[in-house]
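Here is a short tour of a protein chain for you to follow with the model open beside you. Please have a look at the fold before reading on.

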Amino acid sequence: MVHAQFDPTARQALAVAAVDAKTRKDLSWQQIADASGLSVAFTTAAVLGQHALPEDSAKAVAALLGLDDDAALLLQTIPARGSIPGGIPTDPTIYRFHEMLQVYGTTLKALVHEQFGDGIISAINFKLDVKKVADPEGGERAVITLDGKYLPTKPF
């Protein structure tokens, strides 16, 4: 049976324990994803409390991290999503994403609506990828791909 969490406290505590175990075992998110059999972005989001893992994946992740059966069960529950509390984020990396949406959010909205019509980009039917590439001017660049299904607004 599928179960859902309505209080994020348990998943937040599990995320803290999982990240601690990841650090102590010197594991990468990719290694954890490999154990889960799922993508690194989805697995990372799940361990951080934003997605439910399928049973086999939850058990494999819990075993790799040395977490108990209760943790494996909790990893399978549908979470109360949302990992950033209200207000402007203070973490510099998260703040920069906030800044990007402040600067380009209305541009993205205008372009999506012009090309697709009235609707939204799904964060449920969604793929995320992060790649590090060389910058021709020196250093490195982050290429972040947000790939969501377009869902049109339907009059009723």
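The text below goes from the overall fold to the nonpolar core and then to the salt bridges.

This is a predicted model, in which local features need pLDDT of at least 70 and side-chain atom pairs count only at pLDDT 80 or more, while totals for chains, interfaces and linings use all residues. Residues are numbered from 1 along each chain as its sequence is written, and side-chain values use heavy atoms, leaving out hydrogens and water.

**Overall fold**

The chain has six helices and two strands, taken as DSSP runs (helices: H or I, at least four residues; strands: E, at least two) and numbered from the N terminus. Their order along the sequence is α-α-α-α-α-α-β-β. The C-alpha trace spans about 55 × 50 × 30 Å along its principal axes.

Of the 156 residues, 23% count as buried; buried means under 20% relative accessible area, exposed over 50%, and partly exposed in between, with a 1.4 Å probe and protein chains only.

**The nonpolar core**

A nonpolar core here is a set of buried Ala, Val, Leu, Ile, Met, Phe, Trp, Tyr and Cys residues joined through side-chain atoms within 4.5 Å. The largest one has 14 residues, and Leu14, Ile32, Val47, Leu53, Val61, Leu65 and Leu75 have the most contacts inside it. Helix H1 (9-24), helix H3 (40-47), helix H4 (55-65) and helix H5 (69-74) each give two or more residues to this core.

What does Leu75 touch, leaving aside residues up to four places away in sequence? Its partners include Leu14, Val47, Leu53 and Val61, along with Arg11 and His51. Contact means heavy atoms within 4.5 Å.

**Salt bridges**

Side chains of opposite charge can pair when their charged atoms come close. The structure holds six salt bridges, each a side-chain nitrogen of Lys or Arg within 4 Å of a carboxyl oxygen of Asp or Glu.

Lys59 and Glu55 lie four residues apart in helix H4, so about one helical turn separates them. Lys59 is partly exposed at 45% relative accessible area, and Glu55 is partly exposed at 43%.

In helix H6 (residues 92-116), Glu99 and Arg96 are three residues apart, again about one helical turn. Glu99 is partly exposed at 32%, as is Arg96 at 44%.

In the remaining pair of the table, Arg141 is partly exposed at 48% relative accessibility, whereas Asp135 is buried at 15%.
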